[in-house]
Amino acid sequence: CKILRCNSEYVAATLHLHGPGRGAAFCTALRSYSLCTRRTARTCRGDLAFHSAVHGIEDLMIQNNCSKEGPTAPPRPRPPAPNPQGFESLDICDYERSFLYKHGRPPGFQHCAAFGDPHIRTFHDDFHTCRVEGSWPLLDNDYLFVQATSSPVAKGSNATVTRKLTIIFKNMKECIDQKVYQAELDNVPAAFQDGSVNGGTRPGGSSLVIWERSPGRHVEIRADYIGTTIAVRQAGRQLSFSIRAAEEVARAFTEEQDLQLCVGGCPHSQRMSRSPRGRGRVPAETARALCREMLPVEDVYFQSCVFDVVTSGDTNFTMAAHGALEDARLFLPDVEKLHIFQ
């Protein structure tokens, strides 16, 4: 049964079709998909994936007003056979393309962020406010190690902020040399520690690249070889971290690597309430008014903003929460989960 090949060809044909003008091309892709399933019907008769595809095509044809008669796209040429080293000739340092080739569908992604006090949005959409003074791992898996170093936001305060971020892209022999990125307050460089801006001299070196989005304030690191994008920002006197990671990459760790704030959130002993108590450095109502200008939806990003402004007295924390929300808008696989309400 070659239904996965039909699925793969359909996904590849529709991957870049967006907007109102996609109609004719989308219908052509659906007819081609239907033709492919008919050609493999005899060998796929008892396959659940085959029957799901057939019913799915019928539904999509109706939803998009596609006629069953009309042009179809010629079948794509078969991918080349694996090369003698055992890797597909297809670029193995392009994770999304390789995943599509192997599985017939695009990969899934997860999002994590650490910003402000710090507040942690985990890969599982849990949301915690943490005290975590000192150095704590956000990620520790087979591909990445990310550590945040925090200190009190103000003298005598339980609340802490991230003042240093260390990101290690672990050696991947086919694609990149090990690279270390380090950001500190007032030093958000657009280069790795060795001065380079990519993954090195290996054939896939260009699959790891740093882009400067705002000089000294915002960088984006694209690690295409592991289907991952990272944003590092400075807002006021704190650093923030956001990541969009392929599910397979986010889950590539052992039981020994159990302390990862992006995976399990803050340990219970380190969690704080976001309800401002006692006298803050800025009145709560003033903080709410400032945060509402940047964050009109009163979700956890808004609550975090209010907490940070009240606790620190620094109105720049409105930018920290706003930046984290903007990263989530870009990085979240499911935009319906953008806002979290607690």
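A cavity, as I use the word today, is a set of grid points where a 1.4 Å probe fits but cannot get out. With that term in place, let me turn to the structure, which is a predicted model.

Under this rule, the count comes to 1 cavity of 30 Å³ or more. The largest cavity has a volume of about 50 Å³. Which residues line the largest cavity? They are Ala-114, Pro-118, Ile-120, Val-132, Gly-134, Trp-136, Leu-138, Ala-148, Ser-150, Thr-162 and Leu-261. By class, this lining comprises 8 nonpolar residues and 3 polar ones, with no charged residue.

Strand E4, covering 134–140, and strand E5, covering 144–152, each supply at least two residues of the lining of the largest cavity. Of the elements concerned, E4 gives the most, with 3 residues.

I now move to the helices. Two packed helices are described by the angle between their axes and the distance between the axes. In this model, helix H1, residues 3–14, packs with helix H3, residues 48–63, at an angle of about 35 degrees, and their axes lie 9 Å apart. The crossing in which H1 passes H3 is left-handed. On the H1 side, the contact is made by Ile-3, Asn-7 and Tyr-10; H3 contributes Ala-49, Phe-50, Ala-53 and Leu-60. How do the residues of this contact divide into nonpolar, polar and charged? There are 6 nonpolar and 1 polar, and no charged residue takes part.

To close, I would set two points side by side: the lining of the largest cavity holds no charged residue, and the contact of H1 with H3 holds no charged residue.

Key:
Residues are numbered from 1 along each chain as its sequence is written. This is a predicted model: local features need pLDDT of at least 70, side-chain atom pairs count only at pLDDT 80 or more; totals for chains, interfaces and linings use all residues. Side-chain values use heavy atoms; hydrogens and water are left out. Axes are lines fitted to C-alpha atoms, for helices over the stretch in contact, and angles run from 0 to 180 degrees between N-to-C directions. Helices (H or I, at least four residues) and strands (E, at least two) are DSSP runs, numbered from the N terminus. A crossing is left-handed if the near helix is turned anticlockwise from the far one by less than a right angle, and right-handed if clockwise. Contact means heavy atoms within 4.5 Å. Ala, Val, Leu, Ile, Met, Phe, Trp, Tyr, Cys and Pro count as nonpolar, Asp, Glu, Lys and Arg as charged, and the others, Gly among them, as polar. On a 1 Å grid over the protein atoms alone, a cavity is a set of points where a 1.4 Å probe fits but cannot get out, and a pocket is an open set with protein on both sides within 12 Å along at least five of seven lines; lining residues have an atom within 4 Å of a point. Grid points are joined across faces, edges and corners, and a volume is the space filled by probe spheres set on the points.
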